[in-house]
Amino acid sequence: MLKIYKNQLLELIEEAGLDPSLFKSSDEPTGHDSRFLRESRFEIEFNDTGHRCYIAVNPKNHHSFRINFTRYNPGFPWSYVEQPQRPIYNSDIKEVKHRFAEWLEEVKLYVEESLTPDLWVRLESEKRLLDPTRLLEIDTSPFEEDEKAQVRLVVGEFRLQLISTFSPSQDQLKLINERLDYLVESTERLNHFDWKSLALNTLIAMTVTLSLDTEKGKLLFELFKKAFAGIVYLLQ
């Protein structure tokens with residue numbers, strides 16, 4: 001796919017208010033079937049969820065495409081809108097951008113659902129905190145796969161809020177991104193208890209990086225708590 005078109009898709013992601021760092025792409029030719037020989041396919045996946053969109057390029061015309069994407073359904077795995085039996089390139093870039101924007105709406109629905117706090121879970125968590133017999137419990141269990149995905153999503157949302165609120169310099173942003181990326185990666189090896197300690201140290205380090213005073217430091221912590229409202233048990 002031409003770079004000018006790929007760049008336009010990235011612009012659509014930014015315009016949708018989504019964090020581009022949560023998307024990954026691949027651009028490879030396919031050759032599993034003679035009918036698809038030399039066809040190139042630009043594929044975008046959101047946050048390692050299996051939620052994907054692909055744009056297949058007509059091997060005879062750089063400006064002719066077909067596009068397909070997954071819908072956000074109650075169950076998993078994700079399923080594509082349709083599965084064409086043969087390559088029919090009936091979309092120009094205008095149509096591709098329109099349908100790509102439709103896919104981003106599916107992604108935003110998924111994000112909204114993932115970030116919306118479950119008030120019933122929060123109620124049970126608060127009840128647990130008030131139970132004196134459980135105050136000394138330490139959760140040393142590892143992260144489940146769905147929890148890892150949630151952390152990636154929440155940290156991405158927190159990153160956007162932090163940038164919008166504090167407007168860090170390029171050097172500050174580089175350090176912040178390194179620390180947040182490390183926080184996400186640590187879910188692969190740390191248990192819940194150790195991860196919470198790392199999260200606290202990460203926030204303190206970012207307070208220093210941004211040279212925040214006491215009040216702004218409190219604001220940073222509030223932004224973090226707000227981002228994690230949907231998975232409040234990780235902060236207990």
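These are my notebook entries on a predicted model of one protein chain.

**Entry 1. Overall layout**

I began with the secondary structure and counted seven helices and five strands in the protein chain. Following the sequence, I wrote the pattern down as α-β-β-β-β-β-α-α-α-α-α-α.

**Entry 2. Helix 1**

I checked the length of helix 1, which covers residues 3–15. Its 13 residues, at 1.5 Å a residue, should span 18 Å, and the C-alpha atoms at its ends are 18 Å apart, so the two values agree.

Next I asked which residues of helix 1 are buried. I found Tyr5, Gln8, Leu9, Leu12 and Ile13. Looking down the axis of helix 1, I saw these buried residues fall within an arc of 150°, so they line one face of the helix. The general rule bears on this spacing: an α-helix has 3.6 residues a turn, so residues three or four places apart point the same way. On the other side of helix 1, I noted Lys3 and Ile4 as exposed. Just after helix 1 comes Gly17, for which I wrote down a positive phi of about 80°.

I moved on to the strand pairs. Strand 2 and strand 3 run antiparallel and are joined by seven bridges. I marked Ser40 as standing opposite Val57 in strand 3. The two strands, strand 2 and strand 3, form a hairpin with four residues between them. In that turn I noted Asn47, with a positive phi of about 55°.

How many bridges join strand 3 to strand 4? I counted five, and these strands also run antiparallel. Here Cys53 stands opposite Phe69 in strand 4.

I then looked up burial in both strands. In strand 3, which takes in residues 51–57, six of the seven residues are buried, and I put it down as mostly covered. In strand 4, residues 65–71, six of the seven residues are buried, so I recorded it as largely enclosed by the rest of the structure.

Arg66 has its place in strand 4. Is Arg66 buried or exposed? Its relative accessibility is 6%, so I list Arg66 as buried, the cut-off for buried being under 20%. I also looked at Arg66 and Asn90, which are 24 residues apart along the chain; their C-alpha atoms are separated by 6.2 Å.

One more side chain went into this entry: Arg41 lies over the face of Tyr54, at 3.9 Å from the ring centre.

**Entry 3. Aromatic pairs**

I searched the whole structure for aromatic pairs and found eight. One of the pairs is Phe143 with Trp195: the ring centres are 5.7 Å apart and the planes stand at 70°, so I classed it as edge-to-face. Phe143 is in the loop between helix 3 and helix 4, while Trp195 is in helix 6, so the pair ties together parts that are 52 residues apart in sequence. I found both Phe143 and Trp195 buried.

I also looked at Phe158 and Phe224. Their ring centres are 5.1 Å apart and their planes are at 90°, so this pair is edge-to-face. It links distant parts of the chain, with Phe158 in helix 4 and Phe224 in helix 7, 66 residues apart. Phe158 has 1% relative accessibility and therefore counts as buried. Phe224, at 4%, counts as buried too.

Elsewhere I traced a cluster linked by ring pairs, made up of Phe23, Phe46, Tyr72, Phe100, Trp103 and Tyr110.

**Entry 4. The largest nonpolar core**

Last, I looked up the largest nonpolar core, which has 27 residues. The residues with the most contacts inside this core are Met1, Phe23, Phe46, Ile55, Phe100, Trp103 and Leu104. I listed the elements that give two or more residues to this core: helix 1, strand 2, strand 3, strand 4 and helix 2. Which element gives the most to this core? I found that helix 2 does, with eight residues.

Technical notes:
Residues are numbered from 1 along each chain as its sequence is written. Side-chain values use heavy atoms; hydrogens and water are left out. The expected span of a helix is 1.5 Å times one less than its number of residues. Buried means under 20% relative accessible area, exposed over 50%, partly exposed in between (1.4 Å probe, protein chains only). The arc is that of the directions from the helix axis to the C-beta atoms. Two strands pair if DSSP finds at least two bridges between them. Rings of Phe, Tyr and Trp (its six-membered ring) pair if their centres lie within 6.5 Å; planes under 30 degrees apart count as stacked, over 60 as edge-to-face and the rest as tilted. A charge sits over a ring if NZ of Lys or CZ of Arg is within 6 Å of the ring centre and within 35 degrees of the ring normal. A nonpolar core is a set of buried Ala, Val, Leu, Ile, Met, Phe, Trp, Tyr and Cys residues joined through side-chain atoms within 4.5 Å.
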